[in-house]
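Subject: Structure handover and notes

Hello,

Here is the structure for your files. My notes follow below it.

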Amino acid sequence: MIKITFPDNSVKEFESGVTPLEIAQSISPRLAQDVLASSVNEQEWDLSRPITEDATLQLFKWDDPEGKHAFWHSSAHLLAEALQQLYPGVKFGIGPAIENGFYYDIDPGEYKLTDADFAKIEQRMLELAREKQAIVRKDISKADALKMFGDRGETYKCELISELEDGHITTYTQGDFTDLCRGPHLPDTGAIKAAKITSLAGAYWRGDEKRNQLVRVYGITFPKKKMLDEYLALLEEAKKRDHRKLGKEMELFAFSSNVGAGLPLWLPKGAALRDRLEQFLRKIQKQYGYQQVITPHIGNKSLYVTSGHYAKYGKDSFQPIHTPEEGEEYLLKPMNCPHHCEIFRALPRSYRELPLRLAEFGTVYRYEQSGELHGLTRVRGFTQDDAHIYCAPDQIKDEFLKVMDIILYIFKALKFENYEAQISLRDPEHKEKYIGSDENWHLAEQAIIEACEEKGIKARKELGEAAFYGPKLDFMVKDAIGRRWQLGTIQVDYNLPERFKLEFTGADNQKHTPVMIHRAPFGSMERFVAVLLEHTAGKFPLWLSPDQVVVLPISEKFNDYAHQVARELNMQDVRAIVDDRNEKIGRKIRDNELKRIPYLLIVGEKEAESGEVSVRKQGEGDKGTVKIATFADDIKKEIENSING
């Protein structure tokens with residue numbers, strides 16, 4: 001007999017060799033029907049895989065991320081099986097689950113896949129799913145794996161196998177399809193009731209532009225047809241909210257091939273929006289004792305060699321800038337933190353100065369592959385709302401908590417009400433990916449965990465998601481249509497201060513190394529604006545809107561009065577413009593509602609005589625007629641309430 005410990009710390013005994021699915025069945029037939037995945041001793045585990053020793057067990061259903069992951073991972077294999085049957089001879093790369101669905105990279109050979117193939121692929125996937133094929137895990141030797149996939153001409157799989165350690169290789173088989181995979185998977189394909197191929201894209205093998213370009217087939221599946229219908233409705237809504245579409249309609253930003261891919265141009269309205277976000281954060285930072293700094297857009301290559309960024313990202317960055325001086329090289333700044341370390345080092349520092357909080361809206365440059373660029377969410381030049389806090393070890397938790405307060409205040413002001421926190425930790429089995437001592441990593445990770453506990457935030461722990469120099473706390477925000485975005489981030493770093501030999505004089509008159517906290521509540525201005533655009537569908541909070549009011553004269557005779565209204569409002573710090581085009585009033589209303597301007601003020605003879613305006617609110621229609629001064633007061637009260645919650 002073995003003892004199984006459940007999440008509520010209850011313990012039950014079972015015969016050795018029992019599977020998680022059998023345990024679920026012993027608890028309740030309904031649970032066994034709903035469970036999709038499990039973990040044993042915090043290790044991902046197939047529901048059909050035996051447990052042979054005392055263990056902790058968690059069971060995951062559809063609403064759990066682990067449940068969706070197993071469901072979509074199994075669906076990727078189902079997609080591959082369907083493709084293998086429909087297009088004999090295609091070769092397979094990798095097929096992981098992703099946040100919404102899955103994809104499989106394939107080399108189609110002689111076949112040309114198009115959107116016209118989607119329905120056929122979906123139909124075959126569902127036909128196979130209805131067969132309820134068992135998904136069977138098997139341990140296999142490296143030699144046997146190479147022979148199996150080599151005999152099938154699977155060159156991509158053989159390349160992956162050649163890099164694996166013998167004794168740790170597994171395959172999964174369903175029907176006539178066998179794939180190299182670590183799992184876990186569903187017990188069988190029967191749970192998959194609805195399937196949709198969503199798109200095709202090009203993807204270089206292993207992300208290398210010098211390797212073969214494969215076809216990436218994206219898809220999504222669900223345990224119920226109704227869930228797929230709801231998802232497709234959300235996709236349609238997402239298209240309407242696409243920040244690239246809204247940004248063009250609202251005249252916020254543009255891209256130019258002459259300037260370069262991934263390098264956004266902020267138009268006047270977008271620049272004003274961005275400036276208001278910056279001023280909003282500057283005001284908060286001033287209250288928390290931050291000091292503004294400015295650093296160059298480039299730095300000597302040696303700066304990034306010292307920080308470790310060059311070794312980690314040098315090959316993926318813009319190439320060095322060579323000066324006329326022999327051997328002198330500069331890089332476009334990929335990070336602000338090395339520059340801030342040099343600012344700390346520029347003066348003698350005392351413990352009395354700590355914590356020292358240095359903030360900068362610093363523009364950085366990273367060479368993203370052209371196929372990965374996407375509007376403002378994935379660019380090559382972007383501005384981080386960056387700050388670095390230099391503190392003594394006993395100040396870490398308090399500073400960390402203050403940064404959390406700033407992030408949560410911003411989320412509240414911008415109505416990001418649905419969020420979760422993720423503690424990103426080092427992968428203990430691959431420490432070579434990170435810099436710094438085990439002791440420093442333990443201290444940094446523990447500080448984040450304790451801060452979350454003290455704040456009452458239940459944070460997920462994710463191994464292997466830490467930055468190369470330290471662990472971090474990421475805030476994942478759900479937008480208005482349920483999509484998750486990573487926005488605010490806080491990172492604890494013992495390593496860069498050591499690499500830059502930073503020091504301060506302590507109360508004991510001895511030299512000490514500070515600890516560094518990296519933080520960016522917005523993340524980047526570009527990505528944050530994109531997420532905010534899609535979250536609000538372009539209907540920004542009133543205090544943030546580039547234009548808060550547009551005055552619409554019903555004919556040219558009232559243009560002068562319209563401009564008088566706008567002047568009076570602007571003098572009251574209400575941002576107002578006039579649409580005095582020679583167009584019918586209905587056309588003006590439609591055009592300005594498309595620009596998401598919160599308030600439309602219609603003026604004609606009656607309003608001009610009485611010194612009033614007829615108010616129309618975006619999405620709510622007519623609000624009646626009021627005096628200009630009354631309207632201005634109402635607007636200012638609404639702004640104050642929206643910022644202060």
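I639 is buried, because its relative accessible area is 15% and buried means under 20%, with exposed over 50% and partly exposed in between (1.4 Å probe, protein chains only). The residue belongs to helix α20 (residues 628-644); helices (H or I, at least four residues) and strands (E, at least two) are DSSP runs, numbered from the N terminus. Leaving aside neighbours within four places in sequence, I639 is in contact with L542, W543 and Q548, where contact means heavy atoms within 4.5 Å. I639 and L544 are 95 residues apart in sequence, yet their C-alpha atoms are 8.9 Å apart in space.

Some conventions before the rest. This is a predicted model, in which local features need pLDDT of at least 70 and side-chain atom pairs count only at pLDDT 80 or more, while totals for chains, interfaces and linings use all residues. Residues are numbered from 1 along each chain as its sequence is written, and side-chain values use heavy atoms, with hydrogens and water left out.

Aromatic pairs

A search of the whole structure finds 24 aromatic pairs. Rings of Phe, Tyr and Trp (its six-membered ring) pair if their centres lie within 6.5 Å; planes under 30 degrees apart count as stacked, over 60 as edge-to-face and the rest as tilted. The pair of W72 and F222 is edge-to-face, because the ring centres are 6.4 Å apart and the planes stand at 90°. W72 lies in helix α3 (residues 65-86) and F222 in strand β13 (residues 213-222), so this pair ties together parts 150 residues apart in sequence. W72 is buried at a relative accessible area of 3%, and F222 counts as buried at 6% relative accessibility.

F280 and Y409 form a stacked pair, with 6.1 Å from centre to centre and 25° between the planes. This pair also links distant parts of the chain: F280 is in helix α9 (residues 268-287) and Y409 in helix α13 (residues 396-413), 129 residues apart. F280 counts as buried at 9% relative accessibility, whereas Y409 is partly exposed at 34%.

Ring pairs also link F411, F416, Y419, F475, F522 and F528 into a cluster.

Charges over rings

R49 lies over the face of W45, 3.7 Å from the ring centre. The charged end of R349 sits over the ring of F344, at 5.3 Å from its centre. The criterion is NZ of Lys or CZ of Arg within 6 Å of the ring centre and within 35 degrees of the ring normal.

Helix α13

The 18 residues of α13 should span 26 Å at 1.5 Å a residue, and its end C-alpha atoms are 26 Å apart, which agrees; the expected span is 1.5 Å times one less than the number of residues. Among the buried residues of α13 are E399, F400, M404 and F411. Just after α13, K415 takes a positive phi of about 60°.

Strands around β22

Strand β22 (residues 418-425) pairs with strand β24 (residues 472-478) in the antiparallel sense over seven bridges; two strands pair if DSSP finds at least two bridges between them. In this pairing, S424 stands opposite K472 in β24. With strand β23 (residues 459-463), β22 pairs in the parallel sense over five bridges, and A421 stands opposite A459 in β23. β22, helix α14 (residues 438-455) and β23 make a right-handed β-α-β unit: with the strands pointing away from the viewer, the path from the first strand over the helix to the second runs clockwise.

Regards
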